[in-house]
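Visitor: I have a structure open and would like to go through it. Could you take my questions one at a time?

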Amino acid sequence: MDWLVTVMEMGVKIITLPNYFVFIFIGLFIGVVFGAIPGISGLMAIILLVPFTYPLDIIQAMLLLTSTYCGGVFGGSISSILLNTPGAPESVCTTFDGYPMTRKGLAAKALGTAIECSAIGGFLSAVVMTVACAPLASVALSFDSPEYFALVFMGLCVVTSISGKSLVNGVIALFIGLFLASVGVSPIQGVPRYDLGFPQLRAGIDFIIVMIGVFALGEIFVRFETLSREESKKIEGKVGTNLLTIKEFLALKWTILRSFVTGTFIGFLPGAGATIASFVSYGMARNLSDDPGKFGTGVLEGVAAPETANNAATGGAMIPLLTLGIPGGGATAVMISAFMIKGLQPGPLVFMTNPELIGSIFVGMIIANLLIIIFGFIAVRAFTQFLKVPYAILASGITLFCFLGAFAKRNVMYDVWVMLIFGIIGYFMKKYEYPVAPLVLGMVLGPLAEDKFLSSLISYQNDFTIFFTRPISGTMIMVAFCFLMYPLVMMVWKKRRSANNT
Amino acid sequence: MREKHPRKGGKIDGDFFFCLALIIAACFLLSISSTTIKVDENSLGPFFWPKVILVGMLICGAMKLFFHLRKRKSISEDNHVNVPTNYKALIFAVVLTFGYFLGIVLVGYPIASLIFVIALSYLGGIRSIKLLASVSVGLTLITSILFVGVMYISLPRGVWIFYDITNWFFSLIKF
Amino acid sequence: MKRRFVFIAAILILCVGVQVQAAGYPDRPIDLIVPWGAGGGADQLGRAIGPALEKVLKVSLPVINIPGAVSGVGLAKVRAARKDGYTISVFTADAVGADSQGKLAVHVNEFIPLARLMFAPSFLFVHYDSPMKTFEDLIAYTKKNPDKLKVAITGSGSPDDLTVKYLRKNGIKMISVPYPKPGERYASVLGKHNELLYEQAGDVSQFILAKKMRPMVVFLPKRVESMSDVPAIQEFGLEIYLSQYRGLLINQGVPQEKVDVLAKAIKEAYDSPSFQKFLKKMYCMPDSYMPPEEFKKFIENDFEAYTKLWE
């Protein structure tokens, strides 16, 4: 504890210097803007920022990158809520209830909720990261492949909560996503699968490209179909931000708390990350709610749960990075390369050799998450102006950014064509009520699921019971089955009750 | 499209064909999931996982087809009474987007973007020339500066003379 | 609105005026392609050599990550690039390995190697708290309990896998568990789910220094100077030396004088103190550098060695 106090003191001393503090501002600004632009994510901002950290010292560089990370995760909620186009998979869940709220004229409320929940989730998880870095890291290490598979399986089972009107359609979309993820060189044996002779397919289909296609381009096509009638449809109600009232906040407190715990916990496991966290907490919020049916039509819990969780995962993801030097996801992997450029290797040694760096990161993340409230309001005010822009102009801008987002990922035109194809697929899916979110969920989690499933079996000599007999993984599989069964049980129960009543 | 199928009111429509296509696709993919590849003795092989997924897909497709054909009352009837769709605008939008991506390859990012923004906005009902011009120039310039000038992403430059034009433009905005 | 146009036009004219047409090669940024994702060893090399080359060549070298298909996607991009010398790429031994099995989208001999920059031997690591301390302990243990120990490796078909298979053939029977992501590979050993790790020392230096992992044996004919207490595999009568190397290459067909300019600049960048510091941190061999022709022969030999191993 003494160590923590000294480290924090060092951190506060450094952060309060203006030439350090300013990088938190810059990072948050860049993160929120990139996160909020459809087709481009906060992760891309971090990747693109790394060359700019060359002239900075390591503390400045890390403050810049961590606040870009925090800002980016929040920023994603803006385009999810306003335009139904998430920039990163972790903000996919926010579209489920955020966009319906916008359509109902409640955009201000949704954005206000997103800002507050993001800030609360991020702030609390940064505090947890500071206080319990070391013990949580050892928990993360106790996870072996079967536990990871159980976790991913839990994420996949959320499909029952996010399928909208037709459960079967959702499951079909999930299976298609899982299958598309398995195209390409197999993760373990390195054998090309389903490439149908095309060398490009051998590299696999990138889920970011698919996501930009089905969400952003698909949405443009859907809107264009009805455009002439719609003209430039303005958002009804005042566009801006609307804070939660005390009453609303108290009603949400358990949802927020639960999502925060889920987010931090799933976030700190290497390789799992914010996407599973947001999906699982959305599923939990829905299943534990009094009226699951109203989810997806624009309820506050549906925005609060994923937004708290994905921001809580930011603090969580930093834990394995700082204590073990192991990246939990894309953003933290890029941060490692920023460390490396400075000749530092994140890991147990840095705690001893550079306590001022660790202290600054801790304090910096806590402050950055608090500043999200201010930045959120400014950004939301700026971005809601776009809703007043005629949709045709907005759509052309979004298409430009879709191209840039898809192209900049690998700098190959092939990805752009794939995106267009999935844009058309996304249009048909939306039109025929096949939910697109399970497709993305399957594509994100598919490779992880396969990898963990097969390596568990290799590790434990093809013993299938391993997933159930290990205590942590067994518990998670049970929870997953609850996710899977709950909606079915509810459906049967409701039918029976209505049958009894009549 | 809307003709009723004689059997118990189940309809042959888009959904039906989709299920059929899904089942056929799953069967085809299962058939090419070769098992001849030699693998290590204690691993399930690279095609185990996709096969599980494909079987799942098959079951779902079959289930949906089964329920679809047995369904007495069609719910899709009341779903389709919503706003009549503007297929013309939709097809134009898709074609334009396709043309845009093709244009990027041929004439480079800046020129293609300039034309695309004007075209799509015009299609969407914007007729003010001033607005069209300023928006297209502004968007192209901002994105080019951001991605080429600031972030050093080498966006496509096109072919032939366009390569040199784009190259010249990019060299202007690089710091 | 009009004023804005005038403003933009003014800026454009200003830019043209400032633009100085520099003669000679290179006069504009060179794309430095890294055919692997951000954060890995190849990426680190790209981000270390880029700024060092920038100082020598006086143009910027933006790093572009194009991951996919064992570096095949990125290399295919280099192959398709204009032969004007403005696209160079990092490449790793994995490409040679994949090419030798016909699993690479392009062929390694379709490129001109510019230099070998990193040459790092591979080690077998064990968790620091493990009862097995030395390679002799390991041999004794596997004799008694074959197929009980697990080695974390990158993936099947990789040099890691070949090495474990080779050891297996020679009586040291262990199971290899593949982890494509380096972070998960290290975590599995730190969390004691797997006993052993096959890796280059630079990638896990922080765990060695923090006494979390212990090097057991190095896959080289003789010991490494900086880690002289780690025995070489040849001391046990075994001969398998699949070292990792990373270098730079350029598309075939680029004019020779441009290649020479680059090769000279790379040598200069390699000798710069900042890059030397980087090499030391990565536990690279002191004689990592190899000029173009020599490197070309080295790759050809390695290609043959791989082909033989596959048989």
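Visitor: How many residues of helix H7 (residues 182–190) of chain C are buried?
Guide: This is a predicted model. In it, 9 of the 9 residues of helix H7 of chain C are buried, and the helix is described as mostly covered.

Visitor: Which are the buried residues of H7(C)?
Guide: They are C:Pro182, C:Gly183, C:Glu184, C:Arg185, C:Tyr186, C:Ala187, C:Ser188, C:Val189 and C:Leu190.

Visitor: And which residue with a positive phi follows H7(C)?
Guide: That is C:Lys192, with a phi near 60°.

Visitor: What about C:Gln276, where does that lie?
Guide: C:Gln276 is part of helix H10 of chain C, which covers residues 273–281.

Visitor: Why does C:Gln276 count as partly exposed?
Guide: Because it has 15 C-beta neighbours inside 10 Å. A residue needs 20 or more to be buried, and 12 or fewer to be exposed.

Visitor: What separates the C-alpha atoms of C:Gln276 and C:Pro286?
Guide: A distance of 9.2 Å, with the two residues 10 apart along the chain.

Visitor: Staying with chain C, into which domains is it divided?
Guide: Domain 1 takes in 25–119 + 244–310, and domain 2 takes in 122–236. Where they touch, domain 1 of chain C contributes 9 residues and domain 2 of chain C contributes 11. On the domain 1 side, 4 of these residues are nonpolar, 4 polar and 1 charged.

Visitor: How far apart do the C-alpha centres of the two domains of chain C lie?
Guide: They lie 28 Å apart.

Visitor: New topic. How many helices and strands are in chain B?
Guide: Chain B has 7 helices and 0 strands. Of its 175 residues, 28% are buried.

Visitor: Of the contacts in chain B between residues at least 6 apart in sequence, what share joins residues at least 24 apart?
Guide: For chain B that share is 63%.

Visitor: How many residues do chain A and chain B put into their contact?
Guide: Chain A gives 51 residues and chain B gives 52. Several helices of chain A each supply at least two residues, including H8 (167–182), H10 (207–225) and H20 (437–459).

Visitor: Which helix gives the most on the chain A side?
Guide: H18(A) does, with 12 residues. The chain A side as a whole divides into 35 nonpolar, 11 polar and 5 charged residues.

Visitor: How do H18(A) and helix H6 of chain B cross?
Guide: Their axes come within 11 Å and cross at roughly 20°. Angles under 35 degrees count as roughly parallel, so H18(A) and H6(B) are roughly parallel to each other. The crossing is right-handed.

Visitor: Which residues make that contact between H18(A) and H6(B)?
Guide: From H18(A) they are A:Ile393, A:Gly397, A:Leu400, A:Leu404 and A:Ala408, and from H6(B) they are B:Val135, B:Leu139, B:Thr143 and B:Phe147. By class, 7 are nonpolar, 2 are polar and none is charged.

Visitor: One last pair. At what angle do helix H7 and helix H13 of chain A pack?
Guide: The angle is about 50°, with the axes 8 Å apart. H7(A) and H13(A) are therefore oblique to each other, and their crossing is left-handed.

Visitor: Which residues make the contact between H7(A) and H13(A)?
Guide: H7(A) uses A:Leu151, A:Val152, A:Met154 and A:Gly155, while H13(A) uses A:Ile276, A:Phe279 and A:Val280. This contact has 6 nonpolar residues, 1 polar residue and no charged residues.

Terms used:
Residues numbered from 1 in each chain as written. Chains lettered and ligands numbered in written order. Predicted model: local features only at pLDDT ≥ 70, side-chain atom pairs only at ≥ 80, totals over all residues. Helix = DSSP H or I, 4+ residues; strand = E, 2+ residues; numbered from the N terminus. Contact = placed C-beta atoms within 7 Å. Domains from an automatic or database assignment. Nonpolar A, V, L, I, M, F, W, Y, C, P; charged D, E, K, R; others polar. Axes fitted to C-alpha atoms, helices over the stretch in contact; angles between N-to-C directions. Parallel < 35°, antiparallel > 145°, perpendicular 65-115°, else oblique. Left-handed = near helix turned anticlockwise from the far one by under 90°.
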